[in-house]
Amino acid sequence: MVRYGVVAGLLALVSSAQAIQKHPLPISELAKQIRTRDAHVGLGARQAEIQALYPEYNLSTPIDHFHNDSTYEPHSDGTFDLRYWYDAQFYKPGGPVIVLAGGETSGADRLPFLQKGIVYQLAKATGGVGVILEHRYYGSSIPVEDFSTENLRFLTTDQALADTAYFAKNVKFAGLEDVDLSPETTAWIAYGGSYAGAFVAFLRVLYPDVYYGAISSSGVPEAIWDYWQYFEAAAVYGPPACVETTQKLTHIVDNVLIGMAGSDYVGQLKSVFGLPNVTYDNDFASAINGGIYGLQSLNWDPSQSSNSFFTYCDTVSSDSVLYPATEARRASVEELIKVGGYEDELETLANRFLNYIGYVNRTSVSRCRGDQDGCFSTHDSGFYSQDDITQSWRLWQYQVCTQWGYLQTGSGVPEDQLPLISRTIDVDYSALICREAFNLTEPANVEYINRLGGFNISYPRLAFIDGEWDPWRAAGVHALEVPERANTPSEPYLLIARAVHHWDENGLFPNETTPDLPPAPVADTQEQMAKFVQGWMQEFTGKY
């Protein structure tokens with residue numbers, strides 16, 4: 001199969017370098033994560049410039065911190081190079097070490113936060129050292145010779161947390177070798193966003209004598225196997241006409257795919273979208289759902305943001321036909337609306353359905369080169385069997401399948417609600433990669449992750465920062481069904497209005513700021529963060 005396609009709406013999604021990925025991803029998208037053997041191949045000019053600005057360093061770190069835990073048998077006595085970067089330009093004696101946990105990507109992708117983002121800001125505000133610390137198995141911090149399932153046994157959150165504690169106790173920063181920056185004499189403050197946000201919260205709970213404080217931005221401390229709630233933010237905060245239209249059009253799709261499975265209407269539905277050759281119905285349903293996923297890609301920073309969610313919403317809620325070429329499919333669309341149960345809304349939904357088709361064609365179908373299964377399918381046992389060192393797509397998927405979950409389904413939506421994506425996107429379909437790539441047939445052990453508190457996790461000097469519109473809010477302490485907490489200097493609890501995924505992490509150079517950038521809610525939150533970290537530092541220095 002030739003795989004050169006682009007899945008509908010995936011151009012609008014944040015990359016894995018920025019946030020937890022869409023799940024499931026078609027193989028054509030997983031294949032894009034295959035790493036080159038030369039880490040510098042394919043670097044953009046901006047990325048190469050920033051990597052040149054911050055030299056990389058490595059700390060020899062144990063592969064296996066838990067020789068008494070049978071999970072990691074056979075155990076290893078070996079070490080690997082844990083990669084990091086740092087900036088000491090603001091350091092003053094007594095200042096903290098601010099460590100950004102790299103999370104599920106190459107640590108090099110986090111360097112902008114050291115240059116002008118939250119690490120820069122906090123280090124400047126406190127006279128601290130700023131650090132980006134790569135997560136084991138990601139980037140070049142690889143402890144094994146391949147990514148076979150057996151060799152991924154050391155890819156657990158516990159092992160990575162132990163790495164982060166080991167780092168604080170053993171690192172010596174070049175140029176600061178004579179300065180005692182040990183956790184006994186220096187405050188170590190951890191920051192992380194998304195998965196890394198949950199990670200640093202756990203770090204504070206499990207290693208309180210090493211990390212004096214932690215800031216969890218858009219953290220997801222509640223691991224959830226069937227994470228149908230991912231679409232809750234879009235349903236609650238999205239434009240009402242867009243939400244209602246998407247729900248109804250998705251219901252029509254499901255009434256055909258599920259209610260008329262095996263009939264000619266299934267082929268007719270695929271054909272009106274221009275996807276007649278997508279074999280599996282769930283792959284087809286996944287290929288057309290990208291628009292509603294776009295909310296996560298919205299960011300206040302213009303260089304990081306995509307407006308695709310609102311472009312999609314404007315498209316599907318318009319009563320005018322925006323893609324004239326779709327008129328040729330009107331008769332077929334109207335028939336599908338009728339058999340799909342919405343004949344009484346035919347006049348309203350017909351044009352909107354045509355706009356939906358036009359949007360999917362523009363953002364997805366027209367970009368597919370080669371056969372359609374090659375562009376949109378998740379089914380390919382041969383691909384999943386690849387496990388050499390270049391197959392970096394296996395890494396986060398393994399964490400999903402073993403510990404974290406977050407399968408984004410339509411089937412999990414309560415029956416009295418209309419989902420925003422098809423109910424054919426169910427747990428069995430979403431867990432296909434777990435079975436095919438890792439031979440894992442049981443749900444992830446989310447209970448093990450949630451033993452640390454989940455929604456209720458709390459600890460002194462542990463801050464939670466979330467975005468009101470974030471699709472990942474439903475897995476954190478600001479979830480809509482979770483009781484609100486008090487916002488205190490010791491345990492800050494901040495929700496950024498109209499914000500999405502870890503918006504506090506980004507920053508601008510002075511010549512990039514405008515009266516509207518950063519927006520007031522973000523600037524205010526970042527100012528509060530600097531103040532409460534300064535307060536933590538006063539507590540720390542007052543002890544010595």
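**View 1. Cavities in the predicted model.** The structure holds eight cavities of 30 Å³ or more. A cavity is a set of points on a 1 Å grid over the protein atoms alone where a 1.4 Å probe fits but cannot get out. Grid points are joined across faces, edges and corners, and a volume is the space filled by probe spheres set on the points. This is a predicted model: local features need pLDDT of at least 70, side-chain atom pairs count only at pLDDT 80 or more, and totals for chains, interfaces and linings use all residues. Residues are numbered from 1 along each chain as its sequence is written, and side-chain values use heavy atoms, without hydrogens and water.

**View 2. The largest cavity.** Its volume is about 90 Å³. Lining residues have an atom within 4 Å of a point.

**View 3. The disulfide of Cys242 and Cys313.** A disulfide is a pair of cysteine sulfur atoms within 2.5 Å. Here the sulfur atoms lie 2.2 Å apart. The link is left-handed, with -60° about the S-S bond. Cys242 is buried, at 1% relative accessible area; buried means under 20% (1.4 Å probe, protein chains only). Cys313 is also buried, at 1%.

**View 4. The disulfide of Cys368 and Cys375.** The S to S distance is 2.0 Å. This link is right-handed, with 90° about the S-S bond. Both Cys368 and Cys375 are buried.

**View 5. The disulfide of Cys401 and Cys434.** The sulfur atoms are 2.0 Å apart. The torsion about the S-S bond is about -80°, so the disulfide is left-handed. Cys401 and Cys434 are both buried.

How values were computed. On a 1 Å grid over the protein atoms alone, a cavity is a set of points where a 1.4 Å probe fits but cannot get out, and a pocket is an open set with protein on both sides within 12 Å along at least five of seven lines; lining residues have an atom within 4 Å of a point. Buried means under 20% relative accessible area, exposed over 50%, partly exposed in between (1.4 Å probe, protein chains only).
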